Structures are given as structure tokens and as C-alpha cells.
Amino acid sequence: MGIPMDVRDAWVNHRTKSSNFMIPSPDEDLKFLRSQMCTQEGVRAGVKSASIACVVSAVPTLIAVRTLPWAKANLNYTAQALIISAASIAAYFITADKTILECARRNTRTLYDKPS
């Protein structure tokens, strides 16, 4: 039972088209595009940083677990994964945040430096 798919889709499409009574200005579109580009740039930089942090934290952790007696006795697989993933996640979020903020600052500077 319920609403047939084609009727529901037609109703949703009609509703989204008719409820948008304000036309966005070109400046708003540019701001949206700039914010999207900043976000994508931040994600790219974060993934690069996280992959480097993963390798940099995984190598010593795995070597320590195989060679040091304390690490052999106390660091199980979950602890090893936690050490590696914590470093990767921290590197991702710190780098993405810094990159997005730097990009936003750069965009703001270009807005205020633009001649009127």
C-alpha cells in the first residue's frame, strides 16, 4: 500500500521546485563553490596526512610488538589497531581543519582585497 513511486517522485520534484521562491545571487553561488573547493582540498590533505601517519605509526608499533617483551605481553591486536588508528584519525582531522581554515582565510582576503 502507500503512495506509488511515480506519484511520490512527481510530488517531491514539484514541491522542491515550487518551494524555492528566492533566486540565489551569483555571489552566493561563488561562495558555495569556494566553500566546496575548500572542503575538498581539506579532505585531500587530510587523507594524505592520515595515510602517512598510518605508515609512520604502524611500523614502530609492529616492530615493537615483535621485539620488545613488554609490548609482546601487553599489546594485543586491538591495542595495536587502536594506536595506529588514533594516530591516523588525529592526523586527518588536524590537517583537514588547518587546510579548510587556511583556504577560508585566503578566500576572505581575496574578497576584501578586491577593488570595489
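In the predicted model, helix 2 packs against helix 4 (residues 77-113) at an angle of about 155 degrees, and the two axes lie 6 Å apart. Because an angle over 145 degrees counts as roughly antiparallel, helix 2 is assigned a roughly antiparallel orientation relative to helix 4. The crossing of helix 2 past helix 4 is right-handed. Classified by residue type, the contact between helix 2 and helix 4 comprises 20 nonpolar, 11 polar and three charged residues.

Electrostatic pairing was examined next. Side chains of opposite charge can pair when their charged atoms come close. Two salt bridges are present in the structure. One of the salt bridges joins the side chains of glutamate 41 and arginine 106, with an N to O distance of 3.4 Å. Since glutamate 41 belongs to helix 2 and arginine 106 to helix 4, this pair ties together parts of the structure that are 65 residues apart in sequence.

Helix 2 spans residues 26-67 and includes phenylalanine 32. On the surface, Phe32 contributes to a nonpolar patch together with Leu30 and Leu33.

Conventions
Residues are numbered from 1 along each chain as its sequence is written. This is a predicted model: local features need pLDDT of at least 70, side-chain atom pairs count only at pLDDT 80 or more; totals for chains, interfaces and linings use all residues. Side-chain values use heavy atoms; hydrogens and water are left out. Patches are made of residues with over 30% relative accessible area and no salt bridge: like charges are joined within 9 Å, nonpolar side chains (Val, Leu, Ile, Met, Phe, Trp, Tyr) within 5 Å. Accessible areas come from the Shrake-Rupley method with a 1.4 Å probe; for residues, only the protein chains shown count as cover. A salt bridge is a side-chain nitrogen of Lys or Arg within 4 Å of a carboxyl oxygen of Asp or Glu. Helices (H or I, at least four residues) and strands (E, at least two) are DSSP runs, numbered from the N terminus. Axes are lines fitted to C-alpha atoms, for helices over the stretch in contact, and angles run from 0 to 180 degrees between N-to-C directions. Angles under 35 degrees count as roughly parallel, over 145 as roughly antiparallel, 65 to 115 as roughly perpendicular and the rest as oblique. A crossing is left-handed if the near helix is turned anticlockwise from the far one by less than a right angle, and right-handed if clockwise. Ala, Val, Leu, Ile, Met, Phe, Trp, Tyr, Cys and Pro count as nonpolar, Asp, Glu, Lys and Arg as charged, and the others, Gly among them, as polar.
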